[in-house]
Amino acid sequence: MNDLATTKKNFQRGLKSIANPWLFPIDQKYVDGLSKLSESASTPSQIVTLSLMRPPQQTLSYTGMYPWKGKPEDHFCLDFDASPLGWYFMYGHGKTLRFTFMIFHIGVDPSAHGLQLYSVVGGYDTGNGWLPIPQNGGPATYSCNKNGAVFSYMDTHSGVAASFSGKPGGALTGSFSMPKGKPFKFTITPTQGGQYNGEDGCIPGCFGGLGTLYWSYTNPTCTMTYNDGKPDTGKGWFDRQTILGGIPRGTINQLLYSFLISGAPPGSISWLWLIIQLSASNTQYMFFPVIKQEQLPLKVGDTLTAICNKYQDGKASYKIPCKIKVLSTTNVAAPGGGYTMTFPTSYNITVEKKTYILSTSAINSKPDVVYMPSGSFNWEGPGIVKNSKGDTVGSGLLEA
């Protein structure tokens with residue numbers, strides 16, 4: 001699996017194994033095009049991108065999203081059988097150091113769930129501006145059981161290296177470095193049990209095997225070092241998430257789905273994911289509005305009505321009404337040019353009759369962007385939280 005030629009063959013074999021349901025017949029010309037493109041791939045990262053472009057029928061080869069049972073920590077390990085895509089997500093925010101770090105697994109062959117490629121995503125800031133991890137992808141060493149996980153990764157093409165290890169309820173340690181860069185290291189330590197981010201992990205829900213399963217450590221401490229320098233301690237966050245979109249399992253569900261989408265494939269999805277962690281109380285909020293395409297680009301003054309999660313003293317509450325208003329934005333040019341993305345950098349958030357200002361904590365004009373496995377880029381940066389009087393009351397994260 002470690003050589004590119006074998007990876008290509010596994011990817012092509014997987015394309016041939018994709019189901020062809022009568023209600024949603026496969027576009028064979030499109031599938032053949034993906035297979036042909038894979039022949040010219042020169043890096044594993046390009047196979048990662050192609051794997052994320054497979055047709056929706058591939059979802060029928062996986063067991064899918066169904067409500068989790070037991071404690072969140074019982075689902076610490078990445079689940080290759082459930083979906084071709086899942087990840088660990090972490091961030092930390094101290095006085096001088098800040099980072100975002102994600103580990104994605106991407107299934108190569110729907111008929112062989114154990115065949116995976118990986119991509120690490122994120123960036124860090126040591127006080128001189130945000131440095132994003134270059135786009136990357138390739139094989140890795142990953143093992144996980146009830147005693148914890150161990151991950152080791154080195155992409156020789158991009159020069160990105162990363163490691164992660166830890167066990168449920170214990171310290172989670174990681175390290176990553178970029179070409180010619182020094183290592184950024186962190187330890188995230190939970191202060192309470194994991195929290196489901198929806199009923200039994202389903203958010204916003206699970207239908208016919210489709211949906212997302214998701215739990216988090218919402219209030220851990222985080223210790224960070226850069227180049228083995230002086231440690232910096234602050235707040236952190238940890239996510240374990242799996243997602244599956246496409247075509248639901250079961251004829252009845254497929255009929256219902258066909259009626260709901262009126263025969264047209266669903267369009268691309270845009271969203272915000274915002275976190276507030278209050279310092280004076282053990283209270284955290286998660287906001288996750290979906291953005292309609294006609295609302296883009298978001299502008300100063302735009303207001304979104306959404307629901308949020310609240311985590312207080314280790315207990316989760318769901319579907320709390322909130323309002324989010326965009327206070328400022330910044331434009332970021334795509335690598336290599338061609339287009340520009342507009343990202344909000346500050347929000348006014350009203351929840352439970354209180355108002356908070358969540359803004360990027362960047363101290364200069366460098367944007368907190370990260371390069372996703374697909375080649376697109378998001379805003380994924382730690383932030384600072386103030387109250388309506390302008391007092392700093394916590395920290396958080398801005399994702400768009």
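User: What are the ground rules on numbering and confidence?
Analyst: Residues count from 1 along each chain as its sequence is written, and side-chain values use heavy atoms, leaving out hydrogens and water. The model is predicted: local features need pLDDT of at least 70, side-chain atom pairs count only at pLDDT 80 or more, and totals for chains, interfaces and linings use all residues.

User: Where does Asp368 lie?
Analyst: In the loop between strand S22 (354–360) and strand S23 (369–371). Strands are DSSP runs of E, at least two residues; helices are runs of H or I, at least four; both are numbered from the N terminus.

User: Is Asp368 buried or exposed?
Analyst: Buried, because its relative accessibility is 0%. The cut-offs are under 20% relative accessible area for buried, over 50% for exposed, partly exposed in between (1.4 Å probe, protein chains only).

User: Which residues is Asp368 in contact with, beyond four places in sequence?
Analyst: Among them are Arg98, Trp130, Thr360 and Trp379. Contact means heavy atoms within 4.5 Å.

User: OK, switching to H2. Which of its residues are buried?
Analyst: Val31, Leu34 and Ser38. They cover an arc of only 55 degrees around the axis, so they sit on the same side of H2. The arc is taken from the directions from the helix axis to the C-beta atoms.

User: What covers them?
Analyst: The cover includes helix H1 (4–17) and helix H3 (44–51).

User: And which exposed residues are on the face turned away?
Analyst: Lys29, Lys36 and Glu39.
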